[in-house]
Amino acid sequence: MAEDFNTESMLDMYLFENGQLLERLQEMVLEQKDAECFDEDSINEIFRTMHTIKGSSGIMMFDNITAISHKLEDVFFYLRESHPENVPHVELVEHVLEVEDFISSEMEKIRNGDAVDGDPAAIIADLDKFLEKIKNGGQEAGAEPVPENVHEEPKHFYIAPVATSASRFYKIFITFFPETEMANVHAYKTVYALKEIAEDILYSPEDILTDEKSGEIIIKEGFRILLQAQCTEQEVRDLIGIGYDIEKVEVYECDAEQFLLGFDFGDQPSAPKIDLESTVEEIEAKQEEAQKEETEKKPPEKKIAPGDFVVQSKEPGKQKKLAKDKPKGEKASFISVNVSKMDQLMDLIGELVISESVVLQSSDLKVPGLNLDNFNKAAAQLASISTDLQNVIMSMRMVPLTNTFQKMNRIVFDVSRKLGKDIEFVMVGDTTEVDKNIIEHISDPLMHLVRNAVDHGIEPNEDRAQSGKMEKGRVTLAAKTEAGKVWISVEDNGAGLDREKILAKARRQGILDDGKPDAAYTDKEVYQFITLPGFSTNEVVTEYSGRGVGMDVVVQNIQAIGGTLEIDSTPGFGSTMSLKIPLTLAIIDGIVMEVGTSSFVMETGVIKRFIRVKEDMMIHEPNGDEFVMIRGDCYPVIRLGKWYGLDEYQESVEDGVMLILEVEDKKACLLVDKLVGKQEIVVKPIPSYIKKVKGLSGCTQLGDGSIALILDAPGLVE
């Protein structure tokens, strides 16, 4: 049967849903890692999460994921049912995160098309020991043992009904949200969950796995289940649950005779009396015979529509209400879109911006005497629409930093535990949104900075006590937006950076300038030394630091996306590493300029002023360096034509234009021949077959079809 349904689409849905569940699981566990124990809601949610992952993994036949999730489900089943005392909370947190790591690792193998061959035996054995520990330590003597959470693989779709005096009968109607994809798979997951408590279960439509069209029927008409089990109505509802896929669950408890009538309600006097120990085949045969006789006696009645199930009132004397009479609440609608399609859409928007520039700057429009009033109105409307379209697409690519920050939370927890340091993690502004591509570029740099803060920055507990620091070690990860940039800071309340120690190491490595005294270096200049390759002040190499690699990689990755790293520190009180990065990499506002026959573009954010200078304002050094005095300030001068060795450019500063650039605390004047104007620039990468050139970050196409190089301001002024 497994060959009959679309496993590829099911696999995508499996990865997406379980990925969301694991992210929420890790976030919830880390939020309560410092508490004394998990609250009841968290225990129930973790139990449901593991139950869902176990069920979907069982359907997909990922046995190792099924086994390990079932074992963790056992642990939380016991916690939920018996409420033991003296549960080692931190150890439980570590077990949950270990299981989450294993499942995430196996899911990554699935995404890459590799074999799902991880062995969970060691983790399951540890969970067994932990479960035995809390059973022995938490359960009172003589207490009735809690029944085991036994999972048995169902061998058939139906279990023969064997009713007892404890059996209860339910008619269930499930309504899925209209935008739910593959509703048939979601329906089967519900059936799969109910089978563990079912004595008998029937559902309609019944071919939910073999017929993909059944998903459309379920969305349109709903999913109906007949359940015979020894459980309460609330237990049924808990197993089914309500999430982003299930909109509403209606459960109606009935007697055996109503149960045997099938999926429809109503008075049917000719219904056969069937013994409760009859087989499913006998029930179905007698039901069909009864329905046939009833149809011959009277005209066909309108079938009960989805939502017509009556919800039985629990309050005496209260009138019964139809579930379909309940008002529907408004809800947001979401769809899942492949990231590659979003990237393709962004590329098309970029091409649209370029095409717009080509049209509006066409040489055909420069013919004297043309009346372009109507054209200019239409062009203005087109420009407005394309700008709005660009903003909408950009907003679709913006994602919050929450998941990235939560990963850092996990790193602080793991590293601090291994190093024996008592450290808390604080997140500020984690809902700040940035472009998805930006997040991919900053994840590794943030990981290095956070690890350094825990290992390098925060002192051991004994050292903090000796220095009079009574508060816990703290790492604060904060984000905010300002002037089209995102500021992300990693701050710790540790020992801070040692200026003299850094200078001594720099002197040994020959980094300092000959003849320049140590006092001439500012603190920020000294702190920047730690970003150089091979530079580390750690005397002992640990698992996390001391090799002199990491900080240079951080700077390279940040500069690759047009960002910068600032380092500030107060000895004895801690350090702050601040990343300044653009909101997006796709489309920027730039100034187009020309040098000789070549065109260049500079981002407007780094240009502080345009100015024309006289020759008498220039200062020429014997070594060839040039400076210019502007309003009492001295700026180094970069002649762009000379910088890149162009054949033709203006030699005289009086014939060109100076651009005052400011990057962090560094300033410089860039001399170009002339300015062309301001324009939206679609950033394109420089082809890989061209050697990386200092001062260039990409290229773009101008309105006349020519190629312009995008200047990298940090690379020019450093």
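**Ground rules.** I number residues from 1 along each chain as its sequence is written, and I use heavy atoms for side-chain values, leaving out hydrogens and water. In this predicted model, local features need pLDDT of at least 70 and side-chain atom pairs count only at pLDDT 80 or more, while totals for chains, interfaces and linings use all residues.

**Helix 16.** I looked up residues 499-508, which form helix 16 (helices are DSSP runs of H or I, at least four residues, numbered from the N terminus). I found R499, I502, L503, K505 and A506 buried (under 20% relative accessible area, 1.4 Å probe, protein chains only; exposed is over 50%, partly exposed in between). E500 and R508 are exposed on the face turned away from the buried side. At the N-terminal end I noted D498 as the cap, with a side-chain oxygen 3.2 Å from the backbone nitrogen of E500. Just after the helix, G510 takes a positive phi of about 75 degrees.

**D463.** I placed D463 in helix 15, residues 461-466. D463 is partly exposed, at 39% relative accessible area. Its C-alpha atom is separated by 9.6 Å from that of A495, 32 residues apart along the chain.

Notes
Helices (H or I, at least four residues) and strands (E, at least two) are DSSP runs, numbered from the N terminus. A polar contact is a pair of N or O atoms within 3.5 Å; within protein, one must be able to donate a hydrogen and the other to accept it, and residues adjacent in sequence count only if both atoms are side-chain atoms.
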